[in-house]
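Okay, thanks for coming, everyone. I'd like to walk you through some contacts today, so let's get the model up on the screen.

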Amino acid sequence: MNNLYREQPPVLPVGNVKIPEAQAIKLINGIPVFLIESGTEDIIRLEFTFIAGQVREKSALIASTTNMMLTEGSEYHKAEEINRMLDFYGAFISLSLEKDRAGIVIYLLSKHLQRILELSREILFSPAFPESELETLLKKRLRWFLVNREKVQNIAMDQFFESVFGMSHPYGRQVKEDDFAKIDPTMLKEFHEQNYTSSNMAIIISGRPPANTTDLLEKHFCDLPEFICRGNEEIPKPKGENNRKIHIARQGALQTAIRIGSATINKRHPDYPGLKILDTILGGYFGSRLMKNIREDKGYTYGVNSLVTSFDLSGYKVISTEVSARNSRNAVEEIYNEIDRLRNEPVGESELELVRNYMSGEMLRMFDGPFALAESFRAAWEFGLNNDYYYRLAEKIRTISPDEISELAREYYNIDELYQVTAGVE
Amino acid sequence: MIRFSKFTLENGLRILVHEDRSTPLIALNILYNVGSKDEDPKMTGFAHLFEHLMFGGSVNIPDYDTPLQMAGGENNAFTNNDITNYYLTLPAGNIETGLWLESDRMLGLDFSQKNLDTQKNVVIEEYNQRYLNQPYGDAILNLRPLAYSIHPYRWPTIGMDISHIERARLEKVREFFFSHYAPNNAILSMAGNISGKEAYELVKKWFGHIEKREIRKRELPAEPVQKEERKLILDKDLPADAIYKAWHTVSRMDSDFHTLDLITDLLAGGESGRLNTKLVRELKMFSEINAFITSDVDPGLLIIQGKLMKDVNFADAEEALAEITGNLANENGLTDEMEKVKNKFESSAVFSNTSILNKAYSLCSYELIGDAELINHEVEKYRSVDAGMVSKAALQYLTVTNCSSLYYKSTRNN
C-alpha cells in the first residue's frame, strides 16, 4: 500500500451560499404569492399558510382540530372523495399546524397543478365540519393522545412548554384528556371563518411550476373577499411559571427524559445568528460538546441535542435527551458543566474553525433542492425577514470571535434562569 | 429517468455515478452487503453495534467525524437485516475528504476498548429509547420470532437480547470486520456535482489499492413453509389493545413482489386506503391501522398492524379485517383504484429523485438486488400489475395457515 495516497486531502473553503430570490407577486385581491423556481424534476411543493396556529385559539385543540378537519369533508365532497382525489393525482398532503401558523403543504407533479389548486380552494375555503367525521377524529385523537402520554419525551416536552411560556398562554397550554369532549363544530367554524381568510394567508410555490401558474392562481383564488379588518385582539406576551425545576415521576421508565432551557430572543433580534452558532457548539451537531461528552465519552444516551428556535412572540432554546434512569443526575450535571464552560472559557480556534466549516456546509444543504428552499424561505419570511437574514448568518459564521461567543453565553445562558424538566423514575 | 455510469475496480468494488449539476453538493453512499442476518444467533445485534464502531477511528484517522465536519460535510448510517449503509454529503470541492475517510475505514479499523465499551452503552440506550421505553415499541421483537422459526430474520437488527450486546468482545469485532467489510462486498455511489469520469478516477485513487478479501460464505437456513396459524397473546400495561399480523411473502427480487407491495397500497396507501376507510372511518373499530411489506432480500413479510378503539374486542376487529383481506381474492373491476395506487407509486418515485442522497442510496440498493438500472423500471413494474394478479397473490399468500398474529391485550380499564 502506498502511504502517500493516504494523506489527508486539502480542505477547500466552503463557498458562499447563493440563494435564489423568490419571485413575489400579489393576486388582484392582495394575496401574496412567492414563486421559487428550482430543481430537476417536474414537481411542485405548494404551501398555503395562515396565521391560524395555536396562538389564535381560546382553548386547547381548536386550531389543530380545525386544521385536521379541512380534509374531512367540504360543501361539495365527502372526506372519502377528497382523499381519493388527492391520492388519485399522486399528491401528498400534509396538514401543518404550528404555534403561530397553520395550513397545508401539498407535494404534486407539476402536470396536476390545475386540479390540485381547484381542490385546495375547496379544502381551505369550503370545509363543512361534518359532525360524524368530527366525532371519529376526536375519538382517534384521544387514543393517540393516551399513547403519546406514555412517552417520557412527550411528557417532558409538554411540561417544558408549560413552564417556559405559562400554563394559560397558547404557547404553553397543555392538552388534557377532557379537552377532547369540549370541541364542537360551531367552535371550529368560527375559528375557520376568522383565521382562514385571504388577508391572513400566503401561497409559497417551489419546484417547476408551469408557465401559466399565476393565471391558475388568479382563477382559483381571486374571488376570495379582500381584506376585512376585524381588529384582531392583541395576544399577550408569554410569561414563564415560577417553578423552574420540575420532575414528573413515571414508575418503571427505563429512561429519564431531560429538557433544560428557557424562552429567548427570536430571529428578529440582531444577536440571533450568534446565538445559533453558540447553540451549534453546545449541542447542534454530531460533534457538539454535549454529544461528545454525554454520548461519545460517557455512553449515557443514544443522543443529546440542543436547539434554538423562533416563535412570533418569543423564541426558546432547549437541550433534550433521554438517558438511562441511573445516569440522569450525572447527565443533568454534565449539561450544566458544558454551559458553564461556554460562559467561562473562550472556544478554541480549532473547534471554532470546525463549527464554521460545518455550518457553512449546512447552509448549502439548507438551500439545496426545491423542498429545502421553500422551507428556508418561509422560515425567514414569516418573521418579516428576507435572504439578508441568511447572508448575515453566513457572515457571522465566518467572523464570530471566541470572546463574542463567551459574551453571548453569559448573556443568554444564565443557569439560574433555565428551566429544568425531567420525566422518569425518581 | 436517472442516468448513471457504472464502473468496477479490479478489487471488485462497484461504482455508480449520477451527475446532477443543479446542486453544489455531492452525496456519497457506501453499502456493505452485511446485515443482522449474517450474525451468529448467540451474538445478535452485532452488525448494528459494528456500524457504531465504524466511527471510532480507522488505520490512519483517529476520528471519523471531525475531518468530515471540517470539510463542511454531514453523515450518518443505518443497519437492517440485509445491509449496513453509510452515507454523507459534502460540498463538491471537498469530496476527496469523504473518499479519504471512507476508504480508510474500509482499509482497516482501529478503535479502542474504551470506544467499544462506550458504544455498547450507546446501543443499549438506543435499544431502550426505541424499543423498550416506548409503548408498543417491542412489538417487532415479539412478532419476528413468531413468524420465523429458523431464518435469521427472526431477530431484529437491534438484537434478540441486550445481553448479546453486553457480551461483545474486541477480537470478535475484528473478525467480523475482515469477513464482511471489503471492496468486493461493497457498492459505492455518488450523486451530485461530479461527472462519472471524475468520480471514477477519485474512487480508484482512494480505494483501488485496497485488496480483495475473502468474504464469509453466506449459508442462511431457508424458512420452512408455515403450515398452521400461529397466535401469541400478551398482556400489557398499555392504553389500548393492538393487533399485529404477518404473512410470509417473497424476496424483493421475486416477480410477485410488486403485486404484494401494491396490495398493501390498496389496503393502506394514503388516507383513502381500504383499511382506513372501512375500519377507522366507517366501522370505527381501529384508531389507526397500517399495512406494509418488508422489502427484504430473502423472503419477507406482509404486515398489518392496528390499534383498537375502546370497547372493541379482538374477535370483531379481526373478522372485519379478514373480510377486507378476503375480498382481495375476488378482485375484478377496480380500475380507478388500481390507477390511483399506481399514480402514487409514480409520484413517489419522482419525489424521491429530488434528493441526491435518495438517488445515491437507490442506485446502490438496486445494484445489490441485481442491477442499478432497475431504478428506471420500477414504475413500469407497478403499472403492469392487474386485478387478476392481485387476486392470485391474495389467494396464495394471505391465507390463515400462512399467518402469525400477535395480540397486545391492555390490562387497563380505560
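Across the interface of chain A and chain B, there are 31 residue pairs in polar contact, both residues at pLDDT 80 or more. Polar contact here means a pair of N or O atoms within 3.5 Å; within protein, one has to be able to donate a hydrogen and the other to accept it, and residues adjacent in sequence count only if both atoms are side-chain atoms. On the chain A side, the elements giving two or more residues include α4 (131-148), β9 (301-310) and α11 (349-366), with helices (H or I, at least four residues) and strands (E, at least two) taken as DSSP runs numbered from the N terminus.

Quick housekeeping: this is a predicted model, so local features need pLDDT of at least 70 and side-chain atom pairs pLDDT 80 or more, while totals for chains, interfaces and linings use all residues. Residues are numbered from 1 along each chain as its sequence is written, chains are lettered from A and ligands numbered from 1 in the order written, and side-chain values use heavy atoms, with hydrogens and water left out.

Back to the interface. Chain A puts in 70 residues and chain B 77, contact being heavy atoms within 4.5 Å. Together the chains bury about 6300 Å², 57% of it from carbon and sulfur atoms; that's accessible area (1.4 Å probe) lost on putting two parts together, summed over both. Arg6(A), Arg143(A) and Tyr302(A) supply 13% of what chain A buries against chain B, more than any other three residues.

How many salt bridges are there between chain A and chain B? We get 5, counting a side-chain nitrogen of Lys or Arg within 4 Å of a carboxyl oxygen of Asp or Glu. One joins Arg281(B) to Glu72(A), at 2.6 Å, N to O.

Now inside chain B. Domain 1 and domain 2 of chain B bury about 3000 Å² between them, 69% of it on carbon and sulfur atoms. On the domain 1 side, Tyr136(B), Leu143(B) and Leu146(B) supply 24% of the buried area, more than any other three residues. These two domains share 4 salt bridges. Asp138(B) also pairs up with Lys236(B) in a salt bridge, closest N and O atoms 2.8 Å apart.

Phe34(A) and Phe377(A) have centres 4.9 Å apart and planes at 45 degrees, so they're tilted. They sit 343 residues apart, in strand β2 and helix α12 of chain A.

Notes
Phe/Tyr/Trp six-rings, centres within 6.5 Å; stacked < 30°, edge-to-face > 60°.
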